[in-house]
Amino acid sequence: MKIVWSSEYEIGIPVIDNQHKRIVEYINTVHELQGQRDAEAELRAVLHNLVDYTLSHFAFEESLMEEAGYSDLADHQLAHQAFARQIEQLRKRFIQGNEVASELAGVLQSWLLKHILTDDQSYSDTVKSRLLGRRGKAASGQVLQAVRRYQR
Ligand SMILES: [Fe+2]
């Protein structure tokens with residue numbers, strides 16, 4: 001089923017919210033392409049992009065938390081790593097010719113939304129208050145650079 005983005009998924013850091021929305025768009029595209037004929041090549045490309053984008057999003061989040069000196073960074077990283085292993089395994093099975101598209105989209109969907117609503121909400125205040133100014137401007141040059149690098 002398609003995900004309908006809602007403001008409850010926003011954690012209040014635009015660059016992160018945009019990345020989460022992008023992942024949701026990828027998941028929705030997988031759902032769309034699944035039932036279609038002759039969409040195999042496109043589906044393959046979207047699945048790879050979805051996995052790659054999710055992994056680079058995790059790295060970006062971790063760098064923000066690290067710069068903010070977030071105390072639960074280690075736990076958050078463990079959650080990312082466990083999930084990254086899970087989706088890499090699914091990608092491998094997909095490359096081997098197994099039909100995993102719906103499983104991958106489903107797993108990502110349920111994990112991601114729960115993760116956004118709990119773990120990501122938890123770091124939001126720390127990152128906002130320590131790294132971003134009151135008006136939401138990035139306070140440090142390094143963060144600004146990182147934000148520019150990843151903002152799409
Ligand atoms: Fe996260």
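Is His-57 buried or exposed? At 2% relative accessibility, His-57 counts as buried, where buried means under 20% relative accessible area, exposed means over 50%, and partly exposed covers what lies in between (1.4 Å probe, protein chains only). Before we go further, please note that this is a predicted model, in which local features need pLDDT of at least 70 and side-chain atom pairs count only at pLDDT 80 or more, while totals for chains, interfaces and linings use all residues. Residues are numbered from 1 along each chain as its sequence is written, and side-chain values use heavy atoms, with hydrogens and water left out.

Let us begin with the whole protein. It has five helices and zero strands, and reading along the sequence gives the pattern α-α-α-α-α. Here helices (H or I, at least four residues) and strands (E, at least two) are DSSP runs, numbered from the N terminus. Of the 152 residues in the protein, 41% are buried. Contact means heavy atoms within 4.5 Å. Among contacts between residues at least 6 apart in sequence, 72% join residues at least 24 apart.

Now look at how the helices meet. Helix H1 (residues 14-34) packs against helix H4 (residues 101-131) at an angle of about 165 degrees, and their axes are 9 Å apart. Axes are lines fitted to C-alpha atoms, for helices over the stretch in contact, and angles run from 0 to 180 degrees between N-to-C directions. H1 and H4 are therefore roughly antiparallel to each other; angles under 35 degrees count as roughly parallel, over 145 as roughly antiparallel, 65 to 115 as roughly perpendicular and the rest as oblique. The crossing of H1 past H4 is left-handed, a term used if the near helix is turned anticlockwise from the far one by less than a right angle, with right-handed used if clockwise. On the H1 side, the residues that meet H4 include Ile-16, His-20, Ile-23 and Val-24. Their partners in H4 include Leu-108, Leu-112, Ile-116 and Asp-120. In this contact of H1 with H4, eleven residues are nonpolar, five are polar and one is charged. For this count, Ala, Val, Leu, Ile, Met, Phe, Trp, Tyr, Cys and Pro are nonpolar, Asp, Glu, Lys and Arg are charged, and the others, Gly among them, are polar.

The next pair to visit is H2 and H3. These two helices pack at an angle of about 170 degrees, with axes 11 Å apart. That makes H2 roughly antiparallel to H3, and the crossing of H2 and H3 is left-handed. Among the H2 residues that take part are Leu-55, Phe-58, Glu-61 and Glu-62, while the H3 residues include His-76, His-80, Phe-83 and Ala-84. The contact of H2 with H3 divides into eleven nonpolar, five polar and seven charged residues.

Which residues are the protein donors of the iron ion? They are Glu-61 (OE), His-76 (NE2), His-80 (NE2), His-115 (NE2) and Asp-120 (OD), lying 2.1 to 2.4 Å from the ion. Donors are N, O and S atoms within 2.8 Å of the metal (3.2 Å for Na, K and Ca); water is not among the atoms, so sites may look incomplete. Along the sequence, the donor residues follow the spacing E-x14-H-x3-H-x34-H-x4-D. Glu-61 in helix H2 (residues 40-67) and His-80 in helix H3 (residues 73-95) link distant parts of the chain, 19 residues apart. Both Glu-61 and His-80 are buried.

Not counting residues up to four places away in sequence, His-57 touches Ile-16, Gln-19, His-20 and Ile-23.

For a contrast, turn to Asp-38, in the loop between H1 and H2. At 83% relative accessibility, Asp-38 counts as exposed. Its phi is near 60 degrees, a positive value in a residue other than glycine.

Our last stop is Glu-10, in the segment before H1. Glu-10 is partly exposed, with a relative accessible area of 33%. Leaving aside neighbours within four places in sequence, Glu-10 is in contact with Trp-5, Asp-17, Lys-21 and Gln-121. Lys-21 has its place in helix H1 and, at 30% relative accessibility, counts as partly exposed. The C-alpha atoms of Lys-21 and Glu-10, eleven residues apart along the chain, are separated by 9.1 Å.
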